[in-house]
Amino acid sequence: MTAGCIIQVINPNTSRAMTETIAAAARSVAAPGTKILAVCPQEGVPSIEGHFDEAIAAIGVLQQVKLGREAGVSGHVIACFGDPGLLAARELANRPVIGIAEAAMHMATLVATRFSIVTTLPRTLVIARHLLHQYGFERHCAALHAIDLPVLALEDGSGLAQQKVREQCIQAKQQDGSGAIVLGCGGMADLARELTLELGIPVIDGVSAAVKMIESLNALGLSTSKHGDLDFPRAKPLSGMFGSFSG
């Protein structure tokens, strides 16, 4: 049952403002009785816009997953569209771990035969393409679009980034032949509902999608398999800043 479900929503960057945006989106779709525990690392990168940023952010994700596991949460959401550290987090966790890119892509295929992705910087399109292939959705994705603004532009209060997201979504609907649009950044989480109403097609936010997936898995009594490669990490001494993961 979802009653008493506690979902840890991890913003892998250090932006408190973005963490609040993500938390609000998660709470807006959470079932009665579901508690959203929104967190972000204290150290790391203020935004995630490339492979280097993802590598640093993955450590913060693992630290938060460890804390969430110790607190007895029902599942974990990695609220960055690169899904940084996803498989490592699944090894460490004893409950489901869902990345928002994975969740959004899955949801899109349930409501449309083809979808488009709208994300932030052009350099991150390569990361999205890698995930499409990794998750097996490359044939479902018609096109990828970037607003050509950094992630933190979504939090600067100017509204420019939000307007560019809207324009790219309209272009995607008109030009791509897609039945759905996936928003490719956790900081866009608050835009999905309004854009869905305006465009008349599903515009999918991965944060909301991941929360509902965790609730469903919890209701079904399903957790991350510990048979095979997602078994808990082998016990070994870790040094320096990684010592907290030992034991």
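I count a contact when heavy atoms lie within 4.5 Å. The model is a predicted one, in which local features need pLDDT of at least 70 and side-chain atom pairs count only at pLDDT 80 or more, while totals for chains, interfaces and linings use all residues. Residues are numbered from 1 along each chain as its sequence is written, and side-chain values use heavy atoms, with hydrogens and water left out.

Entry on aspartate 205. I find aspartate 205 in strand 8 (residues 203–205), strands being DSSP runs of E of at least two residues and helices runs of H or I of at least four, numbered from the N terminus. Leaving aside residues up to four places away in sequence, aspartate 205 touches Ala25, Ala189 and Ala192. Aspartate 205 is buried (under 20% relative accessible area, 1.4 Å probe, protein chains only). Which side chain of opposite charge is nearest to aspartate 205? That is arginine 193, 7.8 Å away, and aspartate 205 has no salt bridge (a side-chain nitrogen of Lys or Arg within 4 Å of a carboxyl oxygen of Asp or Glu). I do see a polar contact of 2.6 Å between the side chains of aspartate 205 and serine 208 (a pair of N or O atoms within 3.5 Å, one able to donate a hydrogen and the other to accept it).

I looked up an open sheet of 4 strands, whose order is 2-1-3-4 with parallel pairing, where pairing requires at least two DSSP bridges between two strands. Strand 2 (35–39) and strand 4 (97–99) are its edges, each pairing on one side only.

Technical notes. Buried < 20%, exposed > 50% of the residue type's maximum accessible area, 1.4 Å probe, protein only. Lys, Arg positive; Asp, Glu negative; His and termini not counted.
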